[in-house]
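Hi everyone, thanks for coming. Have a look at the screen for a moment, and then I'll talk you through a few spots.

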Amino acid sequence: MSFCTKLKTELCNLRTSECCRMAECYGIMLFGRSFCAEKIDILTENEAVAQNFCFLLKKCFGIVEKVISSSGKRPMHKVSVSNNADRQKILDRLGPNILDSDILNKDCCRSAFIRGAFLSCGQCTDPTKSPRIDLNIKNESLVPTLLGILNDVEIEPNLGARSRKSVIYFKKSETVEDLITIMGAGNITLELMDLKIIKEVRNNINRRNNAEVANTAKMVEASIKQRAAISFLIKKEKFEILPPELQEVALLRMANKEATLSELCKLSSFPLTRSGLNHRLSRIIETAQKYGYKEK
């Protein structure tokens, strides 16, 4: 089951009050395939959305309709208000202007209306990859209306276009979470937040591991250069010209190839800091270079 299917199914299973049922039904119809005196219908891939619309039609208007499903790899589910009188009853109750309708007076009803719009024309991506919700609006005149209602509930969407249709979309994870919460799926919001926390923890672990790998690589590379310079001095019989403190550091490095600077400091017979040790190893390389050593 995709995340979008899961979210829509959960929204359809919410128990809502009578006023919110009317607002949700309004949202589904208005942003469905057709909403006019000649035709009121929706077409959806999600059977739960179609069944929910039938339930709302019966509860809100006493209209009984059935879901008509197609077969195939991607079955579609259609619900139509087939009777002329029923369609007129719906239009008479809802009125011509959405924003002036008493159906959207309450905050809960505005949330239910947004939920209905999402069920009818919304899509969302897998939040484990990149959270995004799109509302694909067929009727251009409805865009300002929906933007106004979203503004009423303090949600700030983006506006774009796709295939000559307007798209109201949400791509910030915080905005997606707020929208899902407003629509009524608070537990899914918590899941999204958990996923985000897990992702951040994994990213932090990866960054730390990458840093450790990089530091280890630098340490190994430095050890190879230091030992190569020391071997060069020994081969050229120039090792004895090094001061005693440099000779001890050189012997420590040759005997402990994979040791870090901190570990070499602990092995030293006299107190040394990491910077002091590193300085002495650099002096050994510089001495070898005076006698013809070249770093590879």
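**Strands, a patch and a cavity**

Let's start with strand 3 and strand 4, which is residues 77-80: they pair in the antiparallel sense, over two bridges. Keep in mind that what you see is a predicted model.

Zoom out a bit, and you get four strands in an open sheet, with antiparallel pairing and the order 1-2-4-3. Which strands sit at the edges? Those are strand 1, at 34-35, and strand 3, at 68-69, because each of them pairs on one side only.

Okay, over to the surface. Ile197, Val201 and Ile205 make a nonpolar patch there, about 230 Å² of it. Valine 201 belongs to helix 8, which covers residues 186-235. Why do we call valine 201 partly exposed? Because its relative accessibility is 43%, and partly exposed is the range between under 20% for buried and over 50% for exposed.

Last stop, the inside. Rolling a probe the size of a water molecule over the atoms shows where empty space is left. How many cavities of 30 Å³ or more turn up in the whole structure? The search finds one. The largest cavity has a volume of about 30 Å³. Its lining includes Phe3, Cys124, Pro127, Arg132 and Leu192, and Val176 and Ile180 are also among the lining residues.

That's my tour, thanks!

Key. Residues numbered from 1 in each chain as written. Predicted model: local features only at pLDDT ≥ 70, side-chain atom pairs only at ≥ 80, totals over all residues. Heavy atoms only, no water. Patch = residues over 30% accessible without salt bridge, like charges linked within 9 Å, V, L, I, M, F, W, Y side chains within 5 Å. Areas by Shrake-Rupley, 256 points an atom, 1.4 Å probe, with all protein chains shown as cover. Salt bridge = Lys/Arg side-chain N within 4 Å of Asp/Glu carboxyl O. Buried < 20%, exposed > 50% of the residue type's maximum accessible area, 1.4 Å probe, protein only. Pairing = 2+ DSSP bridges. 1 Å grid on protein atoms, 1.4 Å probe; cavity = no way out; pocket = protein on both sides within 12 Å on 5 of 7 lines; lining within 4 Å. Points joined across faces, edges and corners; volume = space filled by probe spheres on them.
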